[in-house]
Amino acid sequence: MDLTHILLLVSAGIAAGAANAIAGGGSLITFPTLIATGLPSVEANVTNSVSVFPGYVSSVVGSRADLAGQGRRVRVTIPAAALGTAAGCALLLLTPARAFEVVVPFLVLGSAATLAFQERLRGLVGHPRGMSSRRAAVTLQVTVFAGAIYGGYFGAALGVMYVAALALIIDEPLKRINALKNVLSATVGLVTLVVFAAFARVDWAAAVTLAPATIIGGYAGARLARRLPQRVLRYLIVTFGTAIGLFLLHRAFLG
């Protein structure tokens, strides 16, 4: 890599780390940047998954105050996230990608719409306070597991999907849900790092360049998200998700 490539990766890493902490979709910044440095698409995808993990960890540190009182919820969801991610990684390494690429944009757009119309949807499916404890626990585990499969397979806008789904089943302020999302994203990131480091080709020079930048961006983004009013945070996540979904839709059918 030359100096231009290094500067590109550092800038992309900071921006992606912040985006992931606030809403998700940071991979849509780092992935094309890795392509621009000359990496083949598959190697860029794998390298990207490995590189953004430290940014997820720094997002957890930056939002740790909003994890207070969520210790049990974190402990019971991490295993589901880890198992789902392993399944998603296996799908990525063993199956053709085209079918999933077609479905992904609609998943992202649907998640953005779910968050935008959260209160109306709660009126249809029921408020979290109306769920039995057993139903709430099962729904949470299934949601986390399904999201992690997606995260292990592709991952772009995973944060948008998690926040939208969790907001329907957890009666908490959005910033606390966002903090839980950061923990789940970090879990997904750790499993993908281990699997891809063992079974796929990673450009470690690019990964080592990107990773510190994602740490800076992830921490700064998480601190910013904590200070944003709930309405503004919701607007940002919905906007990020819609933009990402439209981009992926264009890439899947016209790219």
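This is a predicted model: local features need pLDDT of at least 70, side-chain atom pairs count only at pLDDT 80 or more; totals for chains, interfaces and linings use all residues.

User: OK, by class, what does the lining of the largest cavity have?

Analyst: By class, that lining has two nonpolar, three polar and three charged residues.

User: Which residues line the largest cavity?

Analyst: The lining is made by Ser63, Asp66, Lys175, Asn178, Asn182, Ala222, Ala225 and Arg226. Two helices, α10 (174-199) and α11 (204-227), each supply at least two residues of this lining.

User: And how much space lies in the largest cavity?

Analyst: About 30 Å³ of space lies in the largest cavity, and the structure holds one cavity of 30 Å³ or more.

User: Asp66 and Arg226 were both on your list. What do their side chains meet in?

Analyst: The side chains of Asp66 and Arg226 meet in a salt bridge, with an N to O distance of 2.9 Å. This pair links distant parts of the chain, since Asp66 is in the loop between α4 (53-62) and α5 (71-94), while Arg226 is in helix α11, 160 residues apart.

User: Buried or exposed, how does Asp66 count?

Analyst: Asp66 counts as buried because its relative accessibility is 6%, under the 20% cut-off for that class.

User: How many salt bridges does the count come to?

Analyst: The count comes to four salt bridges. One of them joins Arg201 to Glu43, with the closest N and O atoms 3.6 Å apart.

User: Where do Arg201 and Glu43 lie?

Analyst: Arg201 lies in the loop between α10 and α11, and Glu43 lies in helix α3 (residues 41-51), so the pair ties together parts that are 158 residues apart in sequence. In accessibility, Arg201 is exposed, with a relative accessible area of 65%, whereas Glu43 counts as buried at 13% relative accessibility.

User: Which residue forms a salt bridge with Glu172?

Analyst: Glu172 forms a salt bridge with Arg73, and the closest N and O atoms of this pair are 3.3 Å apart. Glu172 lies in the loop between α9 (158-169) and α10, whereas Arg73 lies in helix α5, so this pair ties together parts that are 99 residues apart in sequence. Glu172 counts as partly exposed, at 23% relative accessibility, and Arg73 also counts as partly exposed, at 23%.

User: Which residues are linked with them in a network of salt bridges?

Analyst: The network of salt bridges links Arg73, Glu172 and Arg176.

User: Switching to pockets: what volume does the largest pocket have?

Analyst: The volume of the largest pocket is about 560 Å³. It has 29 lining residues, and the closest to its centre are Phe31, Asn45, Leu92, Tyr153 and Phe154.

User: Which elements give two or more residues to that lining?

Analyst: Those elements are α2 (27-36), α3, α5, α6 (98-116), α8 (133-153) and α10, and the largest share, six residues, comes from α3. By class, the lining of the largest pocket divides into 17 nonpolar, ten polar and two charged residues.

User: What about the second largest pocket, what volume does it have?

Analyst: The second largest pocket has a volume of about 320 Å³. Its lining includes Arg72, Arg73, Val76, Pro128, Ser133, Leu140 and Asp171. Two or more residues of this lining come from each of α5 and α8, and α8 gives the most, with five residues. The residues of this lining divide into seven nonpolar, two polar and three charged.

User: Last topic: which residues make the nonpolar surface patch?

Analyst: The nonpolar surface patch, of about 620 Å², is made by Met1, Leu3, Ile6, Leu7, Val10, Ile14 and Ile216. Helix α1 (residues 3-22) contributes the largest share of the patch, five residues, and Met1 is found in the segment before α1.

How values were computed
Residues are numbered from 1 along each chain as its sequence is written. Side-chain values use heavy atoms; hydrogens and water are left out. On a 1 Å grid over the protein atoms alone, a cavity is a set of points where a 1.4 Å probe fits but cannot get out, and a pocket is an open set with protein on both sides within 12 Å along at least five of seven lines; lining residues have an atom within 4 Å of a point. Grid points are joined across faces, edges and corners, and a volume is the space filled by probe spheres set on the points. Helices (H or I, at least four residues) and strands (E, at least two) are DSSP runs, numbered from the N terminus. Ala, Val, Leu, Ile, Met, Phe, Trp, Tyr, Cys and Pro count as nonpolar, Asp, Glu, Lys and Arg as charged, and the others, Gly among them, as polar. Buried means under 20% relative accessible area, exposed over 50%, partly exposed in between (1.4 Å probe, protein chains only). Patches are made of residues with over 30% relative accessible area and no salt bridge: like charges are joined within 9 Å, nonpolar side chains (Val, Leu, Ile, Met, Phe, Trp, Tyr) within 5 Å. Accessible areas come from the Shrake-Rupley method with a 1.4 Å probe; for residues, only the protein chains shown count as cover.
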